[in-house]
Amino acid sequence: MSRFTPTFVLAFALLFVAGSKAVERVEQKAIRQAIQRSLQFIEKEGTKWIERRKCVSCHQIPAMLWSMNEAQRHGLYSKKTELTKWNEWSLQWENWDQPTKSEKEPVVARKNIETMTNLILAGSLSPEKPEEKKLLKLYVQRIIKSQNANGSWKPNGQLPLQKRSKAESQQVTTLWAVLALEISDEKSKAVTQSRDRALAWLSKAPKGISTEWYVAWSLVQRQLGKTKEADRLLKALVSKQQKDGGWGWLLNDKSDAFGTGMVLYALAQAGWKPGHEVVRRAQRFLISTQEKDGSWAVLSTLKRHQKRAIGTSLHWGTAWGAIGLLATLPSD
């Protein structure tokens, strides 16, 4: 006969559940604190970039705005006036990559595909505002006009110099462009044709080695309603989760906030719950590795700097760490 009575078993079960709930509350608080600290770092470095460089760049300010816009939607960023100002400033093409006086908007736009796609993905353009709806339509037109004859988009700035092949960077730029076109809500024959040409080119391209490649592909497939393909890509990513709970920007890299944040974002888009153990392990990795100033020590994605963290990688990676935590933030 068992030594444990039904009453004891029930009491133990209730105690275990209560303990689990207490742990979840502690973790939720830690996640929110990590987000708040990261936003302080992102804002500090982002505003410094704006003041000193006076340019949006392909990812620096868009990554900042993506994290802040998402935080505001969660009620975790209260500087609405400043955020509106930064969003509006970033949308002016004259502020993209410091164009020369002789360059016109189409030329500058072609060199800033990542800027336009990331601003769309960051939610910097509101379709509810007439002036921004016009800009959104213009950006979509510019993205389509900048598409290569083979259906791809050329990576710009320092992206071709990353520690992966130029071909993979071109795939990733193309994937983000397709995703931006799809979520822009601009339903037209030109958008459909542009997307189909891009997908035809991508279907013949080799498999990538970066976590970003898998994430971008899974997001595109899910946006297109191809959930089986999207889930297959996520399954491959989850199988690569490291012992510490994270992922690197490259699949074989050590875990960092860049890769981990991207995977968390993709898992959230796929409907994975905050309480899932894969998600919680990744969240714990981010919480445990955050620096005192709110940043995460992310090594550069560039070949020449790949063994050290630089300003852009710290800012870019920290923004993605925040985005990942925000996307998987447990509800109150």
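Which residues does Lys111 touch, not counting residues up to four places away in sequence? Lys111 touches Glu103 and Asn156. This contact and the other close-ups below come from a predicted model.

**View 1. Lys111 sits in the loop between helices H4 and H5.** Helix H4 covers 105-110, and helix H5 covers 113-121. Lys111 counts as partly exposed, at 38% relative accessibility. Its two partners, with residues up to four places away in sequence set aside, are Glu103 and Asn156. Asp97 lies 14 residues from Lys111 in sequence. In space, the C-alpha atoms of Lys111 and Asp97 are 8.7 Å apart.

**View 2. Helix H5 is largely enclosed by the rest of the structure.** Nine of the nine residues of H5 are buried, so the helix is largely enclosed. The buried residues include Ile113, Met116, Leu119, Ile120 and Leu121. Glu114, Thr115, Thr117 and Asn118 are also buried. The buried residues of H5 pack against H2, H3 and H4. They also pack against helix H6 (130-145) and helix H7 (166-183).

**View 3. Helices H2 and H3 cross at roughly 145 degrees.** H2 spans residues 60-73, and H3 spans residues 80-90. Their axes come within 11 Å. The crossing is left-handed. From H2, the contact is made by Ile61, Met64, Leu65, Met68, Asn69 and Gln72. From H3, Lys80, Leu83, Trp86, Asn87, Trp89 and Ser90 take part. The contact residues divide into seven nonpolar, four polar and one charged.

View 4. Helix H1 spans residues 6-53 and contains Glu43. Glu43 has 17% relative accessibility and therefore counts as buried.

**View 5. Ala230 is buried in helix H10.** Helix H10 spans residues 227-238. The relative accessible area of Ala230 is 0%. Leaving aside neighbours within four places in sequence, Ala230 is in contact with Ser218, Gln221 and Arg222. Trp217 is 13 residues from Ala230 in sequence. The C-alpha atoms of Ala230 and Trp217 are 7.3 Å apart.

**View 6. Helices H11 and H13 pack with their axes 7 Å apart.** H11 spans residues 257-269, and H13 spans residues 311-327. The angle between them is about 30 degrees. The two helices are therefore roughly parallel to each other. H11 passes H13 in a left-handed crossing. H11 contributes Ala257, Phe258, Gly261, Met262, Leu264, Tyr265 and Ala268 to the contact. H13 contributes Trp316, Gly317, Trp320, Gly321, Ile323, Gly324, Leu325 and Ala327. The contact residues divide into eleven nonpolar, four polar and no charged.

**View 7. Helix H13 has 17 residues and reaches 24 Å from its first C-alpha to its last.** This reach is close to the 24 Å expected at 1.5 Å a residue. In H13, 13 of the 17 residues are buried, so the helix is largely enclosed by the rest of the structure.

Key: Residues are numbered from 1 along each chain as its sequence is written. This is a predicted model: local features need pLDDT of at least 70, side-chain atom pairs count only at pLDDT 80 or more; totals for chains, interfaces and linings use all residues. Side-chain values use heavy atoms; hydrogens and water are left out. Axes are lines fitted to C-alpha atoms, for helices over the stretch in contact, and angles run from 0 to 180 degrees between N-to-C directions. Helices (H or I, at least four residues) and strands (E, at least two) are DSSP runs, numbered from the N terminus. Angles under 35 degrees count as roughly parallel, over 145 as roughly antiparallel, 65 to 115 as roughly perpendicular and the rest as oblique. A crossing is left-handed if the near helix is turned anticlockwise from the far one by less than a right angle, and right-handed if clockwise. Contact means heavy atoms within 4.5 Å. Ala, Val, Leu, Ile, Met, Phe, Trp, Tyr, Cys and Pro count as nonpolar, Asp, Glu, Lys and Arg as charged, and the others, Gly among them, as polar. Buried means under 20% relative accessible area, exposed over 50%, partly exposed in between (1.4 Å probe, protein chains only). The expected span of a helix is 1.5 Å times one less than its number of residues.
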